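Here are a few exercises to work through with the model open beside you. Each has a task, then a solution in steps.

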Amino acid sequence: MDFFSQTYVALRGPTGAPQTPTDTIARLSDRLSPSTLLADRRAAVLALKGLSRDCKLEVGERSLSGLLDALYNDAEVDADMGKAILETLDALCNTEDATPGSKELGFKHTDVVISSDKTTHTLFALLGDNNFYTRFATLQFLTTLLHNRRQAIQSYFLTAPAGPGSVIAVLEDKREIIRNEAITMVQALISQSPDIQKVLAFEGAFEKLFNTVTQEGGVDGGVVAQGALTCVDALLRFNSSNQSYFRETSLPPVLCALLQFPVSLDIQTTAPQEFALQFWDEQKQANTSLIIGIMGMLMGSKGHGVSDNLPYTRCLVELALASNAPTSLKTQALRLLPTNINFPLSEISLTPYVPVPETNGEEWDRLELASALDALVELAIHGEYNGLDAGKRSKDSLELRSAAAAVFENFVRKDEIRQAILQAMLPQEDSEPPQPSRTTPLLHALSAPPNTASALDPADVISTHIATLLFAHLLRSSPRAKASARLIMPSPPPTTSGGQSNFFVPADGAPPEPAAEEPEDEDEPQTLLHILSENLSLALLSRSRASNSDREAREWDRYVVGYLCLLSQWLWEDPKSVKDFLDAGGLGVLVEPINQTSEVDSLVPGLCAFLLGICYEYNREPGEITRSTIHPIINRLSVDTLIGQMARFREDERFKTVGPDSIVLSFPTSALQPSVKTGGADEAEIWFDWAFVDFWKSNYYTVQRGFSTDPDQQSSSTGQSAESAILITSLRDVIRQQSGEIETLQKRLKVATSSDNKLADLEKQIASLQSQLASSDEKRKDVEKEQEDLLVLLDEVTSKRRKDKSRLREAGLEVSDDEAEDEGDDDEDE
């Protein structure tokens, strides 16, 4: 009681005198001096902690330096005092308080705290204290400082003696609250700092973070697992050193294991059902999104071969094409596949699933095995689960289908793959009468005529439209592919109801009974190009009906746009295809929409003018319709009108807003047609893909200039014939391939050259050693010869001495004892 009464009197001041907060804070600040007792300093800190929220300015001005001194001297000694100091400093530096001026004060106090590295080094040293309150308060204060002045704290961390070790220690703390707060702090610490990312990675951060994810239940874990995965993503993203280090650890297979996908899955083996069918919630979706994002990042890193990425690629393909994962995850998985995909999609067998109706996704039907390529095409053309909700055209659904189309485009970049797909569509050779081509999902959707008898089904419209996009990927810039496509003769499409596809059949049931076909006239099958021309004519006629609503007219526009875009890319630099199109009546089909224009209609007339210019530019084959035939029509339509239509098309929002990353637009795209009613808040639409936009922007000027050329002029641009252009295109492909081979050979040559240099150095060393050895041998021989000469000389001297002694004895002279002993030794030696 005496202590409290004395403290109260000291703080109160003279009896009856009014006490202001400033006076109280000043008195408390004086008690922070090291000369006072520890208990007094602790009481002062606790009192300042209570005042720091309401008197933030006064406490900061008068007590901040004293609090920092107490942090340096007392925090390690007294855990309770350390906790109070850290919480007070955290309150002073907090910038998230809604009080006016509090944010500016927080930054001001933070600048004082980090004016030197002593405070930061002390905080990282305090992380090594195993006391719960000290460690927890330190983590909170570090998080606040990182939020306010991240770069300064990061620079101090790199020089802190206990920095990396203390951070790794708190990441493996058994207490969940400490570990969770540590993950939050680490996220801020490693942000945009490759050096800190490297330091923590080599200290074992990856292992600690994945242990946390596993302890929390993997992808089924909560926010903590998400935070740990976010840290892993931040350690790897844009850090090639950490990516290489991560691949050398035992952790890459863990990514697949977290998704319940077997790492060593044979190509002919299907994925387990435990992976394909799972229960999903928002948290699991977020965790899975982070994992597949890390997979995609590792696949996109350089310096690793296809075999290293094969498990990840297979996992993403299975997730996107044969699982019940949410649509957004499937879209992300497809977009993360590498653009130079070198994966055998046609050899992988998948087991697709569809939900049983009215079971709320709890029961699923297993369908027949299909190749990954077929499943990819089905997904793009008909949508998820065999076109179950294709008619709704939600944004997520169209994003998924556009991602599938982009993967298909990347897969068919090689000419041999294009040719293999088109060869499967060709009719049998030497058949009498000629037989139509084998029906494939792509060919069926492409050649099916538009339904002009009843209301349009949105599912049919988008299926045909995406089929035109896929087929354009097969033909673009490939003369061989265009030549093969001219030979395709689709079979007459059967009359089917509904927008769903019939190519997938439940595995536990038989295929549906084919409907009885009525006898038809045995006409010769038409080529695909003729069928497309007829379908375009039907779509244009139906589009011009006065009874169409605004929405139906928009859907017919989408039909027409799909056909015109495909034909434009098909006929470009292909005179034979131009001749076939003109012979099928294509000229009359294009002229009428150019004449019948409206203020709100810019896509169809602009594309018709563009395609007319292509036909005029590349009409080089002899036939009924020549350039001389088309030239008067262009003059009648007026070159200025044609150029104006193309200019209006270029400025249309539906064309301008298409980008490389996404081709899905909101419905309606703009206020051009305010009377068009949407089918839902999330409804979207597709008009063009980026490949066509890039094609049009690259070539529209050539077409525009070609309108003004005379019929007898060979080319509007370079004077080359179409055959020469085709030859140049093929030669460019050869040059591109040879350039790749040259680069590979140059790399091998560098390796061989370095090996030759090493070999030459070794040979020099061997020659030097051999010369040294030869000189050593010569010296050794000289020494041995000298030793032999000395031995001979010694023998001669010894024999001479012996003879001299004998003579002395014979002469009667005395011989000394030494000489006698020497003689005796000589006799013994003899």
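## Rings and spaces

Ten residues make up one aromatic cluster: Trp-572, Phe-610, Tyr-618, Phe-649, Phe-655, Phe-688, Phe-692, Phe-695, Trp-696 and Tyr-700. The model is predicted, so to speak of local features pLDDT of at least 70 is needed, side-chain atom pairs count only at pLDDT 80 or more, and totals for chains, interfaces and linings use all residues. Residues are numbered from 1 along each chain as its sequence is written, and side-chain values use heavy atoms, with hydrogens and water left out.

**Exercise 1.** Find how many aromatic pairs the whole structure holds, then describe the pair of Phe-202 and Tyr-245.

*Step 1.* Rings of Phe, Tyr and Trp (its six-membered ring) pair if their centres lie within 6.5 Å; planes under 30 degrees apart are stacked, over 60 edge-to-face, and the rest tilted. The search gives 24 aromatic pairs.

*Step 2.* With 4.5 Å centre to centre and 40 degrees between the planes, Phe-202 and Tyr-245 are a tilted pair.

*Step 3.* Now place the partners: Phe-202 belongs to helix H12 (residues 194-202) and Tyr-245 to helix H15 (residues 240-248), so the pair links parts of the chain 43 residues apart, where helices (H or I, at least four residues) and strands (E, at least two) are DSSP runs numbered from the N terminus.

**Exercise 2.** Classify the pair of Trp-572 and Phe-695, and say whether each residue is buried or exposed.

*Step 1.* The planes stand at 90 degrees and the centres 5.7 Å apart, which makes this pair edge-to-face.

*Step 2.* Trp-572 lies in the loop between helix H29 (550-571) and helix H30 (575-583), and Phe-695 in helix H36 (residues 690-706), so the pair ties together parts 123 residues apart in sequence.

*Step 3.* Buried means under 20% relative accessible area, exposed over 50%, and partly exposed in between (1.4 Å probe, protein chains only). Trp-572, at 8%, is buried, and Phe-695, at 9%, is buried too.

**Exercise 3.** Find which charged ends sit over the rings of Trp-687 and Tyr-616.

*Step 1.* The test asks for NZ of Lys or CZ of Arg within 6 Å of the ring centre and within 35 degrees of the ring normal.

*Step 2.* Over Trp-687 sits the charged end of Arg-558, 4.6 Å from the ring centre.

*Step 3.* Over the face of Tyr-616 lies Arg-627, at 4.2 Å from the ring centre.
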